[in-house]
Amino acid sequence: MEKVIIIGTGCAGLTAAVYAARANVEPLVIEGKQPGGQLTTTSEVENFPGFPEGIDGYTLMDSMRKQAQRFGARFESDTIEDADFSGPVKKLITKNKTYEAKTVIIATGAAPRFLSIPGEQEFFGGKGVSTCAVCDGAFYRDQEVVVIGGGDSACEEAIFLTHFCKKVTLIHRRDQLRASPIMAKRALAHEKITPLWDSIPEAFVGDEKDGITAVQVKNVKTNEVSEVPCKAAFIAIGHNPNTAPFAKQLKLDENKYIIPENGSMVKTAFPGVYVAGDCADHLYRQAITAAGMGCQAALESIRWLEEQEG
Ligand code: NAP
């Protein structure tokens, strides 16, 4: 049986791994479908303290992983599908095996939200519809593309795409961005970025051979329907927390975020089970706050282990 299992390798999981490993409990870190978490799809991280010139997301996460490994954290690739926290031995169930641990830190993060409109699934993954400009932007050099959304992510994606693309249309459902003032100003001031206000995408238009050729949008004020020609569309409308395996056991809010309990940011109703990062934080959702929660969860789990072991 493991002493500590950490689920997730974003900022929360890897910070928990650094702290748990330095406490000599040799944590096992379970790495899901997106090693390194959401920051690996971020171009430039400008607000993580300690990097005055900024740092690219992949490098930051790779450094955190190496730091955890240096102190003895072990990594395994797997996907937790179910969990049982009812007994003193916590069980994490995957397709092929059941992991057992004295304490568990859930740091499963969040996944991009989709629009659920015609063409989205059909053209997703190589045919023009994407949720990651850093991953796919370079394929659309000198092309016209769109970004959908009005938050920091949408602005960041749009700005990143200007490095490659001829024109970026930022499609937003209102007439004002939700993004922080500095990001909004930077996006709107860019000569290659054109906002399309009050518009909701209704369908991705294209064909099997060439992928998408346009996004069909409706103006919510006039009900007018039009097409925005593009070779790619980047969806940046927020995220859903990855909490389904724990829904039977832990308290979730209406958007499926885990609700921490016992007056703590990281405790759950089950002693020895802790949460950290975006799976339990709908408010701040920052790399640094996720890292802070990862640290707290690791310290709590180490304290709990010490209590159990006397
Ligand atoms: P967000 O702030 O929740 O913004 C989502 C955007 O998508 C909103 O503008 C929303 O419109 C729009 N939207 C949601 N559902 C939609 C739908 N079905 N159809 C059309 N539009 C839809 O998400 P985010 O931009 O991913 O940011 C999440 C958090 O991470 C924020 O706290 C943000 O500050 C942070 N973040 C920070 C950075 C950075 O500092 N470098 C970068 C990325 C993200 P409405 O505005 O009308 O609701």
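Hi everyone, let's begin at the ligand: helix H5, residues 152–161, supplies the largest share of the shell around the ligand, three residues. Please keep in mind that this is a predicted model.

So who else is there? In total, 19 residues surround the ligand, and the closest are Asp152, Ser153, Arg173, Arg174 and Arg178. Sorted by class, the shell has nine polar, six charged and four nonpolar residues. Which domains does the shell draw on? At least three residues come from each of domain 1 (2–111 + 239–308) and domain 2 (114–235).

Three residues first, taken one by one. Asn47 uses its side chain: an N or O atom there is 3.1 Å from an oxygen atom of the ligand. With Gly150, a backbone N or O atom lies 3.0 Å from a ligand oxygen. For Gly151, again a backbone N or O atom, the distance to an oxygen atom of the ligand is 3.3 Å. As for cover, the ligand on its own has 920 Å² of accessible area, and the protein covers 79% of that.

Which element gives the most? As general background, nonpolar side chains tend to be buried together in soluble globular proteins.

How values were computed:
Residues are numbered from 1 along each chain as its sequence is written. This is a predicted model: local features need pLDDT of at least 70, side-chain atom pairs count only at pLDDT 80 or more; totals for chains, interfaces and linings use all residues. Side-chain values use heavy atoms; hydrogens and water are left out. A residue is near a molecule or strand if one of its heavy atoms lies within 4 Å of it. A polar contact is a pair of N or O atoms within 3.5 Å; within protein, one must be able to donate a hydrogen and the other to accept it, and residues adjacent in sequence count only if both atoms are side-chain atoms. Accessible areas come from the Shrake-Rupley method with a 1.4 Å probe; for residues, only the protein chains shown count as cover. Helices (H or I, at least four residues) and strands (E, at least two) are DSSP runs, numbered from the N terminus. Ala, Val, Leu, Ile, Met, Phe, Trp, Tyr, Cys and Pro count as nonpolar, Asp, Glu, Lys and Arg as charged, and the others, Gly among them, as polar. Domain bounds come from an automatic or database domain assignment.
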